[in-house]
Amino acid sequence: QVQLVESGGGSVQAGGSLRLSCAASRYTLSISHYSMAWFRQAPGKEREGVAVVYQGGGLTYYADSVKGRFTISREHAKNTLYLQMNTLKPEDPAMYYCAAVFDWPSPWYKELAYNSWGQGTQVTVSS
């Protein structure tokens, strides 16, 4: 397992942008060895996969609801995963979590496929 710490959440107006960060413990392997994903959970709803970057080459997938608006990326030098969120909509507010696994999760949006989770960072969108 790897320790993950999210940051960057906050409140933004609809149409605005936020960038979430997920820092992996410096005592772990490089994040390139892990498949890492962002999930979100809104009140009263199930946790859903937002985006994933697979271990190794960095293949990415996105939920249909965020395609073209969100970008997942990683910075190896800082051992950090990012989620750039643009054109935020009223349906995007949630607690956002990053997750990691030393494996190739299939399907990528299956919550149980990941064994390391951060504590979450809250995103609020005002109209």
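User: Why is the disulfide of Cys22 and Cys98 called right-handed?

Analyst: The torsion about the S-S bond of Cys22 and Cys98 is about 50 degrees, so this disulfide is right-handed. Cys22 sits in strand β3 (residues 18-24) and Cys98 in strand β9, so the pair ties together parts that are 76 residues apart in sequence. Strands here are DSSP E runs of at least two residues, helices are H or I runs of at least four, and both are numbered from the N terminus.

User: Before we go on, what kind of model is this, and how are residues and atoms handled?

Analyst: It's a predicted model, where local features need pLDDT of at least 70, side-chain atom pairs count only at pLDDT 80 or more, and totals for chains, interfaces and linings use all residues. Residues are numbered from 1 along each chain as its sequence is written, and side-chain values use heavy atoms, with hydrogens and water left out.

User: How do you know that Cys22 and Cys98 are joined by a disulfide at all?

Analyst: The rule asks for a pair of cysteine sulfur atoms within 2.5 Å. For Cys22 and Cys98 the S to S distance is 1.9 Å, so the pair passes. The count by this rule is one disulfide.

User: And why do Cys22 and Cys98 count as buried?

Analyst: Buried means under 20% relative accessible area, exposed means over 50%, and partly exposed is in between (1.4 Å probe, protein chains only). Cys22 comes out at 0% and Cys98 at 0% too, so both get the buried label.

User: What makes Arg47 and Glu111 a salt bridge?

Analyst: You need a side-chain nitrogen of Lys or Arg within 4 Å of a carboxyl oxygen of Asp or Glu. The closest N and O atoms of Arg47 and Glu111 are 3.7 Å apart, so the pair qualifies. Arg47 is in the loop between β4 (35-41) and β5 (48-53), and Glu111 is in the loop between β9 (94-101) and β10 (116-117), so the bridge ties together parts 64 residues apart in sequence. Arg47, at 23% relative accessible area, is partly exposed, and Glu111, at 33%, is partly exposed as well.

User: How many salt bridges does the structure hold, and which residues are joined into one network?

Analyst: There are five salt bridges. One of them pairs Asp64 with Lys67, with closest N and O atoms 3.1 Å apart; Asp64 has a relative accessible area of 64%, so it's exposed. Another pairs Asp92 with Arg69, at 2.7 Å between the closest N and O atoms. That pair links distant parts of the chain, 23 residues apart: Asp92 is in the loop between β8 (80-85) and β9, and Arg69 in the loop between β6 (60-62) and β7 (70-75). Both Asp92 and Arg69 are buried. Through shared partners, salt bridges join Arg40, Glu48, Arg69 and Asp92 into one network.

User: What makes the peptide bond between Ser106 and Pro107 cis?

Analyst: Its omega is about -5 degrees. Most peptide bonds are trans. Pro107 is in the loop between β9 and β10, and Trp104 is found in that loop too.
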